[in-house]
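Open the model in your viewer and keep the selection tool at hand. Each stop below names what to pick and what to look for there.

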Amino acid sequence: MQPIISVKNLSKTYASGFHALKDVDLEIRRGEIFALLGPNGAGKTTLISIICGIVNPTQGTVIADGHDIITAYRAARSRIGLVPQELTTDAFETVWATVSFSRGLFGKAPNPAHIEKVLKDLSLWDKKDNKIMTLSGGMKRRVMIAKALSHEPQILFLDEPTAGVDVELRRDMWDVVRSLRDTGVTIILTTHYIEEAEQMADRIGVISHGEIILVEEKAELMRKLGKKQLTLQLQGPLEHLPDRLSAYGLELANGGDELVYTYDTQSERTGITSLLQDLTAAGIRFKDLQTKQSSLEEIFVNLVRKRP
């Protein structure tokens with residue numbers, strides 16, 4: 001299947017000489033939820049802005065749903081909805097008016113039934129006649145999503161969509177995102193809440209210093225890069241580890257009451273059996289044990305930390 005977004009050799013250098021993007025290649029699959037992760041200043045917003053036609057690239061090409069974003073700008077842009085980080089709405093307009101106006105900006109004929117459906121899906125229907133200025137921050141965020149969906153895009157960019165939104169509202173918004181994906185809309189999101197990417201995304205991309213350093217299926221990424229930790233709760237505290245256990249790279253934790261062993265799930269042998277035998281031989285007894293898989297956040301931090 002052809003990707004719905006294809007980015008080739010994309011670079012952006014600003015007038016100041018800052019290289020925001022460096023030879024980025026990226027393909028987004030139709031109908032997936034793709035999470036783009038990266039620290040502040042990594043190039044996430046610049047990449048999104050170029051794909052959405054807001055910023056011009058220095059070099060490279062971007063094809064959105066079969067249309068070049070430069071030579072076929074109107075056709076490409078009509079396929080895309082964007083929810084930016086900033087809450088920029090017409091404070092004195094009503095919810096209905098501002099969402100309907102956004103549809104008209106893309107040359108779409110009025111369709112009250114579609115606007116009604118969008119507002120109901122986002123739990124905004126009872127606010128349709130309210131002025132934007134009277135809404136809470138979370139409701140304003142929903143209005144931004146409604147505006148982005150007003151012209152029935154096939155691609156939706158969510159740039160930090162739940163920033164400043166309370167937990168309950170965040171859950172509601174992710175339910176909306178899932179339902180949009182179920183209707184065939186491709187979702188690309190950036191988020192600082194990495195647990196959201198872990199829960200929602202089909203694939204993960206990591207950008208650092210303007211370069212895409214990894215694109216991977218979420219499950220495969222966590223399988224390949226995720227490590228497991230075995231934590232042993234000891235019967236009595238240890239002040240130091242015997243030399244014979246040094247090869248295991250063990251760590252004492254919780255005041256010496258716990259022993260932590262980190263192992264690679266991909267290796268043929270985890271070393272757990274020999275570790276337990278050596279612990280017994282050293283006279284170290286434990287009363288309980290538990291294992292823990294690395295989270296996506298830990299993987300992300302380790303990936304970015306390894307970059308120069």
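Start with Asp65, in the loop between strand S4 (59-64) and strand S5 (67-68). The model is predicted. Check the backbone here: phi of Asp65 is near 50°, a positive value in a residue other than glycine. Most residues other than glycine have a negative phi.

Now select Glu152. This residue sits in the loop between H5 and strand S7 (155-159). Its phi is positive too, about 60°, although Glu152 is not a glycine. Is Glu152 buried, partly exposed or exposed? Glu152 counts as partly exposed, because its relative accessibility is 37%.

**Helix H1**

Select residues 44-51, which make up helix H1. How many of its eight residues are buried? Seven are, so H1 is largely enclosed by the rest of the structure. Colour them to see this: Lys44, Thr46, Leu47, Ile48, Ser49, Ile50 and Ile51. Then step just past the end of H1 to Gly53, where phi is positive at about 80°.

**The nonpolar cores**

Next, show the largest nonpolar core, a set of 39 residues. Which members touch the most others? Pick Leu156, Ile187 and Ile204. Now highlight helix H5 (residues 137-149): this helix gives the core its largest share, seven residues.

**Two aromatic pairs**

How many aromatic pairs does a search of the whole structure find? The search finds two.

Select Trp96 and Trp125 for one of them. Trp96 belongs to helix H3 (residues 95-105), while Trp125 is in the loop between helix H4 (112-121) and H5. The pair therefore ties together parts that are 29 residues apart in sequence. Trp96 is partly exposed, at 27% relative accessible area. Trp125 is partly exposed as well, at 29% relative accessibility.

Move on to Tyr248 and Tyr261, an edge-to-face pair with 6.0 Å between ring centres and 80° between the planes. Look for Tyr248 in the loop between strand S11 (227-234) and strand S12 (251-253). Tyr261 is in strand S13 (residues 258-264), so this pair links parts 13 residues apart in sequence. Tyr261 counts as buried at 7%.

**Charges over rings**

Lys120 lies over the face of Trp125, 5.2 Å from the ring centre. Then select Lys12 and Tyr14. The charged end of Lys12 sits over the Tyr14 ring, 5.0 Å from its centre.

**Two helices crossing**

Finish with H3 and H4 shown together. Their axes are 11 Å apart, and the helices pack at an angle of about 120°. H3 and H4 are therefore oblique to each other. H3 passes H4 in a right-handed crossing.

Methods:
Residues numbered from 1 in each chain as written. Predicted model: local features only at pLDDT ≥ 70, side-chain atom pairs only at ≥ 80, totals over all residues. Heavy atoms only, no water. Core = buried A, V, L, I, M, F, W, Y, C linked by side-chain atoms within 4.5 Å. Buried < 20%, exposed > 50% of the residue type's maximum accessible area, 1.4 Å probe, protein only. Helix = DSSP H or I, 4+ residues; strand = E, 2+ residues; numbered from the N terminus. Phe/Tyr/Trp six-rings, centres within 6.5 Å; stacked < 30°, edge-to-face > 60°. Lys NZ or Arg CZ within 6 Å of the ring centre and 35° of its normal. Axes fitted to C-alpha atoms, helices over the stretch in contact; angles between N-to-C directions. Parallel < 35°, antiparallel > 145°, perpendicular 65-115°, else oblique. Left-handed = near helix turned anticlockwise from the far one by under 90°.
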